[in-house]
Amino acid sequence: MDELLREFLTETNEHLDVVDVELVRFERDPNDIDVLRNVFRLVHTIKGTCGFLGLPRLEAIAHAAESLLGRFRDGKVEVQPEDVSLILASIDRIKHIVAELDRTAAEPPGTDRDIIDQLEGSLKRPQQDERVARVASVVEASPDGDRGSLRQPTIRVTVDVLEHLMTMVSELVLTRNQLLDLARRQDDPALMVPLQRLSHVTVELQEGVMKARMQPIGTVWQKMPRILRDLAVDLGKSIDLKLRGPETELDRQVLEFVKDPLTQLVRNAADHGIEVPAARIKAGKPERGTITLSAFHDGGSITVEVSDDGRGLDYQRIRHIAIERGLITEAEADRLGDAAVARFIFHPGFSTAQAVTSVSGRGVGMDIVKTNIDLIGGSVEVRSEAGRGTTFVVKLPLTLAIVATLIVGAAGQRFAIPQMSIMELVRVRPGQGDAAVEKLNDALVFRQRNELIPVIPFATLLGLTAKDQATAHDGFIVVIQIGRQRFGLLVDTVLHTEEIVVKPLNKRLRSLRCFSGSTILGDGSIILIVEPGGLVRMFEDYAESAVPTIEARPEPEPQKIEEEMDGPVSLLVFRAGSDMPKAVPLSLVTRLEEIDAARIEQAGGRLLLQYRGHLMPLVFADPAMSLQKEGRQAMVVFSDGDRWMGLIVDEILDIVEDALTVELVADRPELVGSAIVRGRATEILNVAHFLPLGHGDWLQREVAPQTVTRTVLLVDDSEFFRSMLAPLLRASGYRVLVADGVEGALATLALPRLVDVVVTDLEMPDRSGFDLIESLRAEPRFAGLPVIALSSYVSPPIVERARKLGVVNFVAKFDRSGLVEALSAVLNARSRGVAA
């Protein structure tokens, strides 16, 4: 192809992309003369160059479009939506001819008389009445920096040149890794200095080539205004498009992969998300809907969000369609949370559209989104709120060529796991309280601070060892997170971290869904690179029969909760200060530690321990205890969020499971009471007494909702405090039921069961205890239901609001006896028929 023609095609494609965006902006604001002049100038440039190169067909269309734009510019013709549509159609025709020129180096045969006649007809048409155009507009996050600004000198380089440079840099990285590995094995100090210099130069060269390959994501977004404008016209909707962070840069190869998924997400938002103007006005929303594209750096990855302010996902309809298609049963649908239900929209062939149209209904769009993003090691998740809109969050790697990885070993083989998907690395050993894998209902789990993480041996997942052969109690847990899904991968060894060059898999191996490629290590060996998205899918298949679900677990049915509360309780039994055993509920314990007593420090009259990067306060489990000067000191660790406290004990005795009958004591605040555990009298400690001794404001922190309902409905947003208060209430003779916050409490109360009193925390995120009480008072059947409020802080406005809502009593969260007395008073008054 002639070099002059090639240059023309490159510049024309750039001009056409700009014209698309500018015309949509001009249609929104016909009075913006700067936009019109810019469009006119670009079309004029295309026409002039066509005449010079002898391209008559292109020149004729561009001339007709230029004439109509000139009339707009001179104010001789009023701009109408159909005029803009006509010019856009002519631009599409020009794009088609340019594409053929690029392919064959000659204009394709044919005539464009049809569109030229329409353009000329618009010139002669009498002025029409002004009409409102339901089209998409673009609101940039920042002003256009190109217009009227001085540009830096640039040079055009073909993609092939950049790809060759990247290949050479990749080979240089491999050679550097081999030399570094050789130097480590030979332990020759003379080699280290030049090798470090080589490594430094290699990194700089790699970063330079990568920077040349990087492109702003705005190059992909450039076509969105035109796509959205046409969709808005076809659907009869009014839509604005907001772009935030278009300057965020990604590797060109990543951009190629995400172009189609992002386009599909925008189309999906326009079709399924944004309502028609009449429906929006009826719902109290602005007539024009808004779709927002955002991009920003997030650690070593890029996050792209596509959000709309439309109707949100219809979770019930998605459940219904999933049942119809045989994806789940009705029982499973009832148990699934909204996050799990939302993932069905990515299933092949799944669609909620009422009918098949040119825009949607075939169920392939969202499947393409998930597949393409998974291919590059990214992830996509969806958040939606009925009536408020939907947001798709897409996580993308910065590049696909050179990736930072963790090299691990499993079943005698080595694998590379991209660091982007790794949340944490934990050493586990059998039988150690510090960090150990446990079995729960025949599934392996690991306690990570306040939650249990499902664990799978990597070798078992890959089929290198059988499920029944995997003891899976020794090694390292690599905690993987993709979107909202988190699980632990148990590997035998962790070798090192390394930047690797990604080589594509052979065609025969591409069916292996958990691997994205291969690489050559410094010692010359070839290993496979784990693909995080494929790993999640394999984990889900494995989890169906072996592991607790990685979704947020659905709440148990209330009928089952009562049986569980009446059953055995797991207790940690220890000795502290005397020979009589003491115990605390195991569910409250985060870790068991045995530390060097010399590590314990004193400051300001408090005992402190440097623990996991923090100063953790220590408290004696019994006042009669004294601090050891040397040797090993046993300790029980409690935590809630970022608060930690160590309870010093003499000796850890056992973990037991037993049915409890607790005799309450009133004169010892450090005890709930005493009980017979495994045939021995045992003191049950009141953990709430010790927590403020470590952190004075511990009990004033916000917590997370869940429900426990029987005669008493307990609502508190922290699992820690629920686990602490529920045994106390059961030991006091009350029946208790569990739900998850305000929504869970209302769902529980909707069941045909009697609740005598509600005990609720007031300080909860999202919806507070006051929101729950207001909802109850709005229902006639709950208007007189007694409510006791738990709070760590009480002010006159809070008291006044509570009295207006009929709250019968305030109890401090740590006042165990006060809560029992308040419950007793309320229920006694109720049983006598007295209004509480």
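Visitor: Which residue of strand S10 stands opposite Ala-410?
Guide: This is a predicted model, in which local features need pLDDT of at least 70 and side-chain atom pairs count only at pLDDT 80 or more, while totals for chains, interfaces and linings use all residues. Residues are numbered from 1 along each chain as its sequence is written, and side-chain values use heavy atoms, leaving out hydrogens and water. Strands (E, at least two residues) and helices (H or I, at least four) are DSSP runs numbered from the N terminus. In S10, the residue that stands opposite Ala-410 is Gln-413.

Visitor: How many bridges join strand S9 to strand S10?
Guide: Two strands pair if DSSP finds at least two bridges between them. Strand S9 (residues 402-410) and strand S10 (residues 413-418) run antiparallel, and the number of bridges joining them is six.

Visitor: Which strands stand at the edges of the sheet?
Guide: Five strands form an open sheet of mixed pairing, in the order S17-S9-S10-S19-S18. Each edge strand has a single partner, so one side of it is left without a neighbour in the sheet, and these strands are S17 (493-501) and S18 (515-520).

Visitor: Which residue of S19 is the bridge partner of Phe-415?
Guide: Two bridges join S10 to strand S19 (residues 526-530), and this pair runs parallel. S18 and S19, by contrast, run antiparallel and are joined by five bridges. In S19, the residue that partners Ser-518 is Leu-528, and the bridge partner of Phe-415 is Leu-528.

Visitor: How wide is the arc that holds the buried residues of helix H22?
Guide: In helix H22 (residues 769-778), Gly-769, Phe-770, Leu-772, Ile-773 and Leu-776 are buried, meaning under 20% relative accessible area, where over 50% is exposed and in between is partly exposed (1.4 Å probe, protein chains only). The arc is that of the directions from the helix axis to the C-beta atoms. Seen down the axis of H22, the buried residues line one face of the helix, because they fall within an arc of 155 degrees.

Visitor: At what angle do H21 and H22 pack?
Guide: Axes are lines fitted to C-alpha atoms, for helices over the stretch in contact (heavy atoms within 4.5 Å), and angles run from 0 to 180 degrees between N-to-C directions. The axes of H21 and H22 lie 9 Å apart, and their packing angle is about 25 degrees.
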